[in-house]
Amino acid sequence: VERKTFETYVQAYYFAQVVALANQRLEQMSGGRFRLIHRREALDLRSRSGLELDVFDYYTGKQRPASTLSGGETFMASLSLALGMSDVMQSSAGGFDIDTLFVDEGFGSLDADALDQAVAILEDLGTGSRLIAIISHVASLRERIPNQILLQSGPGGSILSIMPSV
């Protein structure tokens with residue numbers, strides 16, 4: 001029988017909630033291909049039992065370590081986990097809302113379909129009073145983002161431009 005510290009037990013409890021909520025978004029972003037699985041057992045002595053992730057790939061029908069995901073797949077999983085954590089924090093905070101979310105890079109690793117799915121989820125989150133800020137160099141995002149702050153480096157320093165929605 002494996003023993004867990006109280007700290008690991010509590011972390012695993014909340015981690016399971018984060019993964020469950022993350023899966024709702026990951027399945028949408030990946031077109032139904034991936035589902036995260038909260039692995040309860042450690043693979044080796046370096047791992048922390050109860051805090052491991054696998055991924056089930058519906059294309060292959062196999063479960064594998066999340067570390068085997070490609071760059072774009074890893075970005076989708078990471079974004080889904082961040083959003084799941086935000087959901088768990090909001091529900092645990094007694095009505096406290098997280099009104100701003102910053103997403104930094106990673107969009108360049110996505111193919112066109114995955115980019116569309118990720119942006120659609122962020123657009124849904126940005127309805128109402130929430131502010132979703134995307135920090136990216138991906139040119140195709142410029143057409144999709146209505147309000148932009150552009151930062152351009154130059155020989156005399158950086159130039160900040162505010163691009164309002166049309």
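Guide: Helices (H or I, at least four residues) and strands (E, at least two) are DSSP runs, numbered from the N terminus. This is a predicted model, in which local features need pLDDT of at least 70 and side-chain atom pairs count only at pLDDT 80 or more, while totals for chains, interfaces and linings use all residues. Residues are numbered from 1 along each chain as its sequence is written, and side-chain values use heavy atoms, without hydrogens or water.

Visitor: How many helices and strands has the chain?
Guide: Along the sequence, the elements follow the pattern α-β-β-β-α-β-α-β-α-β-β. The chain therefore has 4 helices and 7 strands.

Visitor: What percentage of the residues in the chain is buried?
Guide: Buried means under 20% relative accessible area with a 1.4 Å probe, counting protein chains only. Among the 166 residues in the chain, the buried share is 33%.

Visitor: How much space lies in the largest cavity?
Guide: A cavity is a set of points on a 1 Å grid over the protein atoms alone where a 1.4 Å probe fits but cannot get out. The search of the whole structure finds 1 cavity of 30 Å³ or more. Its volume, the space filled by probe spheres set on the points, is about 80 Å³.

Visitor: Which element supplies the largest share of the lining of the largest cavity?
Guide: Lining residues, which have an atom within 4 Å of a point, include Arg25, Ser86, Asp87 and Thr100. At least two residues each come from β4 (100-104) and α2 (71-92). The largest share, 3 residues, comes from α2.

Key: 1 Å grid on protein atoms, 1.4 Å probe; cavity = no way out; pocket = protein on both sides within 12 Å on 5 of 7 lines; lining within 4 Å. Buried < 20%, exposed > 50% of the residue type's maximum accessible area, 1.4 Å probe, protein only.
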